[in-house]
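Please keep the sequence and the model in view while reading.

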Amino acid sequence: MTDTAIKSPFPIFDGHNDTLLKLEIEAMKGRDISFFDRLDSGHIDKVRADEAGFAGGLFAMFVPSKPDQDFSKPFDPKDPSNYEPVAQTEALDFTNRLIERAERIEAASEGSVVICRTAEENRMAIEAGQMAVSLHIEGAEAIDTSFYALEDLYRRGLRSLGPVWSRENAFGYGVPMAHPASPDIGPGLTGAGRDLVRACNQLGILIDVSHLNEKGFWDVARITDRPIVASHSNVHAICASSRNLTDKQLDAIKESGGLVGINFHIAFLRPDGGYGRDMPLSVIADHAAYLIDRLGEDCVALGSDFDGCMLPRDLGDVTGLGRLMETLDARGFSQDVLEKIAFRNWISALEQAA
């Protein structure tokens, strides 16, 4: 955790965090901590968010492969059991628990946290100084192939969905977190996955291609009638992780008018794919500069993966966002471009997905 916060000059609307899962896991361990207290662990709480200028974002609802496991042990990315399938009913139950947690946070916030269902609601919340929470599913295990659950979750506020996490499910195939590796691993979307894209288009739910393998990406590109969005992915040409996007994928995102949210996980940023936390923030600026050159200034945003990744030491937690903005400013990005990266491009992407 960083020692002092440098407030971002612009409100930050971020494309991905796992804070709801973090809070749920703490409760499962017997620690029902409050989102409204300054915490000594994790990356986001309301106190630190306010200090940093964090205005909200896509709050992910992710279901672990073993939802009732012993979470006192750290996540092991090399343990195959962490990538096992999850039954739909079990996943839906866990997802509903995360929605209920978000609803309890909103109810207890006295108006300072708002679950938003439209781009305009997100924009209004940011302008009012409220934290804008947009609900996102990471890995669609909770969705049945008849899409009854999708419609129910939409009514409860779901507005963004990634068909897969880094495991196989009824809709497609996720990429492993491998380096160096191509994202061209495994087959594309299943028939149900193609139907899921169409159903999300019809409802106005943003489709997120982060974690999707390359063949699945191209299936989405062929089917969707909305811009292609990768909520938390980086540049494969800089860091050859299977989780990152190739130049051809970036070109398709540009052509669609889509967006890439820059992921802060060290192993998806460093050219060597390593986990050394001494990585300077200039490496994030390298990815940002590459994306802006390839996509244009309207297609690049932030997708931190707060509370779900290992951050550079100089970033530390949400309070490091001001330092990141200073780094991007020093790289020579204009104030208008910085404002787009900070929040405007995400609001535009949500508007186009509706």
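The model is predicted, so local features need pLDDT of at least 70 and side-chain atom pairs count only at pLDDT 80 or more, while totals for chains, interfaces and linings use all residues. Residues are numbered from 1 along each chain as its sequence is written, and side-chain values use heavy atoms, with hydrogens and water left out.

**Helix 9 and helix 10**

- Helix 9 (residues 282-295) packs against helix 10 (residues 321-330) at an angle of about 55°, and their axes are 9 Å apart.
- Helices (H or I, at least four residues) and strands (E, at least two) are DSSP runs, numbered from the N terminus.
- Axes are lines fitted to C-alpha atoms, for helices over the stretch in contact, and angles run from 0 to 180 degrees between N-to-C directions.
- The crossing of helix 9 and helix 10 is right-handed; a crossing has this hand if the near helix is turned clockwise from the far one by less than a right angle, and is left-handed if anticlockwise.
- Ser282, Ile284, Ala285 and Ala288 in helix 9 meet Leu324, Thr327 and Leu328 in helix 10, where contact means heavy atoms within 4.5 Å.
- By class, this contact of helix 9 with helix 10 has 5 nonpolar, 2 polar and no charged residues.
- Ala, Val, Leu, Ile, Met, Phe, Trp, Tyr, Cys and Pro count as nonpolar, Asp, Glu, Lys and Arg as charged, and the others, Gly among them, as polar.

**Pockets**

- On a 1 Å grid over the protein atoms alone, a pocket is an open set of points with protein on both sides within 12 Å along at least five of seven lines, a cavity is a set where a 1.4 Å probe fits but cannot get out, and lining residues have an atom within 4 Å of a point.
- Grid points are joined across faces, edges and corners, and a volume is the space filled by probe spheres set on the points.
- The largest pocket has a volume of about 1,300 Å³.
- Its lining has 43 residues, and Pro74, Phe75, Asp307, Gly308 and Cys309 are the closest to its centre.
- Helix 1 (residues 19-28) gives the most to this lining, with 4 residues, and the lining as a whole divides into 16 nonpolar, 12 polar and 15 charged residues.
- The second largest pocket has a volume of about 170 Å³, and its lining includes Lys7, Pro11, Phe54 and Met131.
- Helix 2 (46-52) and strand 2 (54-62) each supply at least two residues of the lining of the second largest pocket, with helix 2 giving the most, 3 residues.

**Cavities**

- The count comes to 4 cavities of 30 Å³ or more, and the largest cavity has a volume of about 100 Å³.
- The largest cavity is lined by 14 residues, of which Leu206, Ile207, Arg226, Pro227 and Val229 lie nearest its centre.
- Helix 11 supplies the largest share of that lining, 3 residues.

**Backbone features**

- Most residues other than glycine have a negative phi, and most peptide bonds are trans.
- A cis peptide bond, with omega about -10°, joins histidine 179 and proline 180.
- Histidine 211 has a positive phi, near 80°.
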